[in-house]
Amino acid sequence: MAFRCFSSYLLAFFCMFFGFHCVAASQIDSANLWIEEEFQPSTLSKSAQIAEMNWFIEAARPYKGMQIRVVSETLNTHEYEANRLAKAFYQITGIHVVHELTGEDDVVKKMSAQMLTGQNLYDAYISDSDLIGTHFRSGKVLVLSDFMQGQGKQVTLPSLDLNDFIGLKFTTGPDGKLYQLPDQQFANLYWYRHDWFSRPDFKRQFKDLYGYELGVPQNWQAYEDIAEFFGYHVKTIDGTRVYGHYDYAKPDPSVGWRISDAWLSMAGVGDIGLPNGLPVDEWGIRVDQCRPVGASVARGGALNSPAAKYAMRKYIDWLNKFAPEDSKRLTFKSSLKWLKGGQVAQQIFWYTAFVPDVISSNLAIVNPDGTPKWRVAPSPVGKYWRSGMKSGYQDAGSWTILKSTPLKNQQAAWLYAQFVVSKTVSLRKTMMTLTPIRRSDIDSQFMTAKAPYLGGLVEFYRSNARDVWTPTGTNVPDYPGMAQYWWRFISDIILGKLTVDEGMDQLANKMDQHLFELSHKQGVCSPQLNPIQSEQIWLDKPGSPKRFDPLNQRGRTLPYQEAINVWQ
Amino acid sequence: MFGSSALFKAFVTLLMFVNVWAASAFAQNKPVIQVLTYEEAPFAKIKNNHKQGFIVDLVAELFKRAKLDYRLDFLPLKRILVTTRLNEYYCALPVERSQEREVTYKWVSPVLVSRYGLFSQTDNKLPLVTLNDAKPYVIGSFLGSGVAEYLQGQGFTVEVTARSEQNIRMLQHKRIDLWAAEIESAKQQMTKNNASLGKPELVFYTSIRAMACHRSIPDTALENLQSALTQMYQDGFMRKLYEKYNVPF
């Protein structure tokens, strides 16, 4: 501290007599302060952190005094960025960032509006990598791999270390180019009350009823049995009503993502292939080379296939039979309260972005020593799923810059994007928000120490599973335009306005219609619909769409440790 | 709830009139759409019984290109949202489109991009680097404003008034610390009220404003309107409209 005071006096002396670089010197002071008081722990030494921040100060000099606008969805990670890191970046570089937080659907709508109107609404977006199929076809998104070699070379952080990012495969187009830079990642994993599943009385009772051990369900039949067991046989624990299943189903964009993100992939709708099934992905869209050729079975797709309808029937059945009535009034954002309240035995998949919200020691689902009573594990799979298929969804919110943004704004925004994922900042951000993007952070000793308090999250991210839980892929040519159909038709099915058969048939036809319209608008890899044929022709072929499977699964479970060993 | 019984009666009369009118148009099988907007200069205002402004011009061009008949009326913002939600063949604009409102209406978008700022008192400036810096303060906004919902959703203390410009007086009397307002309309309101609050402390939010329609509007009508709007951006009509009303594009 004495040294810092002395440095400040010295700095003031130089400023008075030489009058140059003083502002930069105060920026260095700011950087030192942030490193000292906020950006710890880090995988970098303090001297390496200082060197990295010095680079930002120098690189940002031409943009000092600018104000730039970025937008992201409202997640803990982005709140930390908007409230703390934007302020740090301003004090260190002199670039004022207005980092807006809004709904995920709003981010997509705003990006679409900029693409449509050409107005520079934002200088950068943190948008899900689910849009990669849109971006590489649209020609409207800055190709980061080209930018870093060209007009962005002077503002590309030498220590960015792209190879350290675990999610680049999700943000790279089929052309091998990088379109987006991951900012945060989280997965959809099975969530359950490990303490309840470990109780000898419940284990004995379950085995008597179902003939196998109570444990982590490996398939949907076991999940259903466990849901029935807690909901209908156990019913109450310590005088509180408990539920064997939990979900959310309010008509809202987030109910569409729930189905398109993961339900159909876990059911086994698509083909084998990573990060997404080929030629048919989990949206049920078939591609020929890179061209989407149809979503309906009659065109070779699988969106209204027996597997997709099986997935939707299970969603509806479980919602009606096993979930609290309140589920139908909840969205992605409002759904957390039931898990925190300690009334839910399991959820088939759960967004790990919520981990920071369920680890407070004052919650009913956390032990007094801070370790959780819950665990995350691989989600159970449906009867159409086969080894080699994606096992669930992973969200990779990623920096995306549009070509319609002026170059200087692109460069200033790129500096901020790199700042919030830099090694100086990244580990601290990861420890705060638990949405890791860097291998070095995941493998750090700090994460090892934290692991017992995170219920399996660290084990997931240290395993190959992080490559098997994947975002929406490149088969989807217009994510903003097509995502809206999911929630509309799924909501009508939930509300009983359409049967599962009617809803999925209409959804598939709507997707086909949209693909047809795109075939006139997109250039590279644009859709080119297959002619309509008898569905049986496609169902008789190997792979997806898969013919109706009349057999029921036999429930199968594993102890927790064995269940997560499949991640190794 | 209503400011006065006279205002209430006027509102009911107007509502009955437009209901009867829309119902009769529907009965004649004419696809006439009742469009509602609200006074917010420079976007929409009534001067000498004459409707004018950015939105008035936009609606005229939009419906002409979509080959649809319409009738434009003015009501307070909160009421245009409720009325449109409840009545077939009604649309309202400019409405802030958000994830929370997405399922309530069908949309033609974007009709207007707006920036919102936080204005402080002339003699008590509150420099803000991030929006979070405004957390300790009381923020004024107005009823039905999407930005009020946005701020409330993020845990800010928000006081709402019936009309946006009432906040100027609230700010001057120190009953609020900051006024959250759309920047272009705030400038006009300051001029009208002979107030000078200077530039906003922070421009914190960009809103996509759209035309929200009752969910029963036929898809074909909606598609015609959307493709007309897209064309208006592509052929430069919208850029000229922004320039005409001196609104930054």
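Me: Which residue of β11(A) is the bridge partner of A:Y192?

Reply: A:R375 is the partner. This is a predicted model, so the pairing is computed from predicted coordinates.

Me: What makes strand β4 (residues 181-193) of chain A and β11(A) a pair?

Reply: Two strands pair if DSSP finds at least two bridges between them. Here 4 bridges join β4(A) to β11(A), and the two run antiparallel.

Me: What is known of the side chains along strand β11 (residues 374-377) of chain A?

Reply: A:W374 and A:V376 point one way, A:R375 and A:A377 the other way. In a regular strand the side chains alternate between the two faces of the sheet. The four residues of β11(A) are all buried.

Me: Why is strand β1 (residues 67-73) of chain A called mostly covered?

Reply: A residue is buried if 20 or more other C-beta atoms lie within 10 Å of its own. In β1(A), 6 of its 7 residues pass that test, so the label holds.

Me: Which strands pair with β1(A), and over how many bridges?

Reply: Strand β2 (residues 96-102) of chain A pairs with β1(A) over 7 bridges, in the parallel sense. One link there is A:V71 with A:E100. Strand β3 (residues 124-128) of chain A also pairs with β1(A) in the parallel sense, over 2 bridges. A:V70 has A:A124 as its partner in β3(A). At least two bridges are needed, so β3(A) qualifies too.

Me: What makes β1(A), helix α4 (residues 76-93) of chain A and β2(A) a right-handed unit?

Reply: View the strands pointing away from you. The path from the first strand over the helix to the second must run clockwise to be right-handed. The β-α-β unit of β1(A), α4(A) and β2(A) is right-handed, so its path runs clockwise.

Me: How many residues of chain A are in contact with chain B, and what gives the largest share?

Reply: 23 residues of chain A contact 19 residues of chain B. On the chain A side, α4, β2 and α5 (104-117) each give two or more residues. The largest share is that of α5(A), with 7 residues. By class, this side has 10 nonpolar, 5 polar and 8 charged residues.

Me: What is the strand order of the open sheet in chain B?

Reply: Its 8 strands run β4-β1-β5-β10-β6-β9-β7-β8, with mixed pairing.

Me: Why are β4 (69-74) and β8 (157-161) of chain B said to stand at the edges?

Reply: Each has a single partner strand, so one side of each is left without a neighbour in the sheet. From one strand to the next, the twist averages 25°.

Me: How do you know that strand β1 (residues 32-37) of chain B pairs with strand β5 (residues 90-96) of chain B?

Reply: They share 3 bridges in the parallel sense, and at least two are required, so they pair. B:V35 has B:C91 as its partner in β5(B). Helix α3 (residues 77-86) of chain B packs on the sheet and touches β1, β5 and β10 (202-213) of chain B. Its direction makes about 140° with that of β5(B).

Me: Which residues of chain B does UniProt list as a domain?

Reply: An unreviewed UniProt entry lists residues 37-245 as "domain: Solute-binding protein family 3/N-terminal". Over that range, chain B is 34% helix and 30% strand.

Conventions:
Residues numbered from 1 in each chain as written. Chains lettered and ligands numbered in written order. Predicted model: local features only at pLDDT ≥ 70, side-chain atom pairs only at ≥ 80, totals over all residues. UniProt positions renumbered as here; feature names shortened; annotations may be inferred. Buried ≥ 20, exposed ≤ 12 C-beta atoms within 10 Å, placed from the backbone. Axes fitted to C-alpha atoms, helices over the stretch in contact; angles between N-to-C directions. Contact = placed C-beta atoms within 7 Å. Nonpolar A, V, L, I, M, F, W, Y, C, P; charged D, E, K, R; others polar.
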